[in-house]
Amino acid sequence: MIFKWIENGLVGLLAVAGFALWIYTGLHPHEIKPFLLNGAYYAILTLFLVWLYTVLKYLQSIQFSPVGFLRQYGGGVLFCLLATLMIEVSVKPSFKTLSDETNLLVTSRAMTFERTVASEVMAVRYYGEFNPIAATNTIDKRPFLFPFLESVLHVLRGFGPTNAFLLNGLLTFIFLSTVFIGTRQFLNGPLSLAAVVLVMSYPVFSICATSGGFDLLSSTYLGLSLVILYSFLRGPTTEKFALLWMTLMMLSQTRHESLMYFFIVLGFLIVMGRIAGSYWKENRLVLAMTPLWFLLSVWGPLVNFQLVEDPMEKDMFALRHFEHNSLDFIKGLAKPDFAFPYDNILSLIAGVLLVYLVLRCVVRKRIAETTYQSRFMFILSACALASVVVPLSFYGGMSLHPAGVRLFLPVSIECALIPILWLVTLAEESLAKISKPFLLGSIGLFLLYHPIAVEGRFVNSSYPYRETSFELGIVQNLFPDQKILVVAEIPSQFTALQYGAIDFKTANDNIPNFLAGLQRHMYNEIIVIQRIAYAGGGVPTPKNVLSPSYRLETLTEYETDPGDFIRISRVKLG
């Protein structure tokens with residue numbers, strides 16, 4: 001009885017605290033930033049631990065047996081592990097979307113060592129220590145789950161940029177295994193393996209799998225949410241409901257727009273009357289914490305929206321973006337030159353099969369064989385539609401641009417799995433006949449399109465990627481001991497790798513301090529990285545102008561774009 005009182009008291013306390021914070025920060029918006037800066041880490045840590053608890057409770061409720069699991073799915077899971085290793089070996093792991101991915105790593109460092117979500121974009125390295133310049137700290141605009149998971153790996157392995165790639169490698173294995181196990185519930189082994197290969201036939205999948213970005217994390221949690229949803233609809237229990245709720249909460253912290261899936265899934269479940277009153281009561285502690293976690297989804301965008309200066313970013317979603325981006329996407333799929341990271345053949349097949357499946361439902365006047373499957377397909381369709389409409393309506397939803405393709409990872413995965421959905425509608429005899437040809441066909445598509453990711457030409461078409469690859473290559477090769485200070489337009493690309501780095505404004509505003517540091521050998525060199533425009537006599541671009549008080553000696557130059565080139569110099573004393 002006493003434990004019930006304690007639980008009820010805790011539920012009341014959490015509910016009051018959550019709503020009080022909503023009201024207080026609504027009335028005092030200037031207080032949002034300090035709350036977010038100092039409280040987000042603990043909120044994400046709690047979210048992660050509660051999610052793990054619901055996973056363990058669910059596994060306990062189904063009497064999960066690791067031996068039985070491996071006996072049933074071991075072969076397919078091993079295939080997914082080998083497929084993951086193949087991707088990691090064939091496609092070079094690197095930060096592909098700059099500065100998004102390096103900023104996530106910078107935030108993960110603050111989470112690990114400071115227990116805050118400060119984006120430590122500038123720092124000075126001296127006395128063997130990495131010292132962030134607190135006055136330049138910001139809060140990154142991206143959700144915090146990915147950098148939190150990076151910080152977990154930093155705790156286990158020590159801080160390093162390779163942890164970002166290791167995390168995405170682990171997510172690749174989990175996602176592919178989920179695809180195999182989910183497909184295996186309906187189809188035979190060869191066709192389940194084919195589902196995995198079809199997903200990998202989209203080069204965008206391998207590009208995201210070897211990046212330092214959060215896009216695969218979002219797709220993984222979306223996939224897990226849908227698998228749990230299907231299981232819940234087939235046989236609802238309080239443990240499944242808690243796991244579904246918490247997995248959707250985790251999903252909402254992967255990308256800002258991922259919060260929509262929480263409301264789509266739970267909204268339809270409520271309308272369909274599939275959530276028993278006992279589920280709310282038995283999971284009241286989890287539900288009471290939800291308003292606090294929702295604050296993270298609101299505070300982050302609010303804090304960063306106040307800092308937005310680009311008018312395009314003020315108008316993030318619009319019908320005109322949808323029209324323009326949709327046309328570009330169709331044009332890209334129509335090109336047969338293997339220039340973009342999509343499986344064009346499979347996309348065309350998926351489009352035809354999707355039309356067939358919709359017409360089949362119309363003719364038969366039902367979506368699926370059972371009521372729970374029909375409900376699942378309805379919610380799945382709503383989620384899939386949202387995953388298409390949102391990126392196409394986004395001002396940055398450029399499917400043919402290296403910085404925008406990651407937004408189309410969910411769409412690509414859906415196209416890859418539409419043929420699998422079609423297979424589920426076929427009779428057993430037909431499946432037995434086409435299993436091997438279908439698997440061979442999927443392997444053929446993979447061999448045809450995976451080289452796009454391996455070559456890396458598409459990713460390299462981004463001039464920020466080319467610039468940063470050149471700059472980091474020079475700096476890491478010449479100064480592996482990190483005893484330097486870098487002056488660059490985007491210093492976070494260097495602080496992410498534990499180099500001291502500042503921007504040009506900070507360098508120009510603190511000339512005596514930084515030159516004194518060089519003279520006293522706090523750092524051995526000040527390295528200046530400037531973009532130089534060919535037009536106008538080869539002068540630095542406006543954001544790359546450095547005071548003449550810093551006397552420069554050119555080390556190397558390299559053209560990364562037709563209009564300008566990169567110059568790397570060292571500062572000479574007196």
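**Close-up views of a predicted model**

**View 1. Asn344 and its surroundings.** The side chain of Asn344 comes within 3.4 Å of the backbone oxygen of Gly332, a polar contact (a pair of N or O atoms within 3.5 Å; within protein, one must be able to donate a hydrogen and the other to accept it, and residues adjacent in sequence count only if both atoms are side-chain atoms). The model is predicted, so local features need pLDDT of at least 70 and side-chain atom pairs count only at pLDDT 80 or more, while totals for chains, interfaces and linings use all residues. Residues are numbered from 1 along each chain as its sequence is written, and side-chain values use heavy atoms, with hydrogens and water left out. Asn344 belongs to helix H16 (residues 344-364); helices are DSSP runs of H or I with at least four residues, numbered from the N terminus. Its relative accessibility is 14%, so Asn344 counts as buried (buried is under 20% relative accessible area, exposed over 50%, partly exposed in between; 1.4 Å probe, protein chains only). Beyond its neighbours within four places in sequence, Asn344 is in contact (heavy atoms within 4.5 Å) with Gly332, Leu333, Lys335 and Tyr449.

**View 2. His450 and Ala453 in helix H19.** His450 sits in helix H19 (residues 428-455), and Ala453 is in helix H19 as well. His450 is buried because its relative accessibility is 6%. Its side chain makes polar contacts with the side chains of Ser90, at 3.0 Å, and Ser206, at 3.5 Å. Not counting residues up to four places away in sequence, His450 touches Met86, Ser90, Val91, Met200 and Ser206. Ala453 is also buried, at 6% relative accessibility. With the same exclusion, Ala453 touches Val91, Pro203, Ser206 and Ile207.

**View 3. Packing of helices H3 and H7.** Helix H3 (residues 66-90) packs against helix H7 (residues 189-200) at an angle of about 15 degrees, with the axes 11 Å apart. Axes are lines fitted to C-alpha atoms, for helices over the stretch in contact, and angles run from 0 to 180 degrees between N-to-C directions. H3 is therefore roughly parallel to H7 (angles under 35 degrees; over 145 is roughly antiparallel, 65 to 115 roughly perpendicular and the rest oblique). From H3, Gly76, Phe79, Cys80, Ala83, Met86 and Ile87 meet Leu193, Val196, Val197 and Met200 of H7. The contact of H3 with H7 has 9 nonpolar residues, 1 polar and no charged; Ala, Val, Leu, Ile, Met, Phe, Trp, Tyr, Cys and Pro count as nonpolar, Asp, Glu, Lys and Arg as charged, and the others, Gly among them, as polar.

**View 4. Packing of helices H6 and H9.** Helix H6 (residues 162-184) and helix H9 (residues 215-234) have axes 10 Å apart, at an angle of about 30 degrees. This angle makes H6 roughly parallel to H9. Asn168, Leu171, Thr172, Ile174, Phe175 and Thr178 of H6 meet Leu216, Leu217, Ser219, Thr220, Leu224 and Val227 of H9. By class, the H6 contact with H9 has 7 nonpolar, 5 polar and no charged residues.

View 5. Most residues other than glycine have a negative phi. Gln63, not a glycine, has a positive phi of about 55 degrees. Gln63 lies in the loop between helix H2 (32-61) and H3 and is exposed, with a relative accessible area of 70%. Lys365 has a positive phi near 60 degrees. Lys365 is in the loop between H16 and helix H17 (371-393) and counts as exposed at 76% relative accessibility.

How values were computed: Helices (H or I, at least four residues) and strands (E, at least two) are DSSP runs, numbered from the N terminus.
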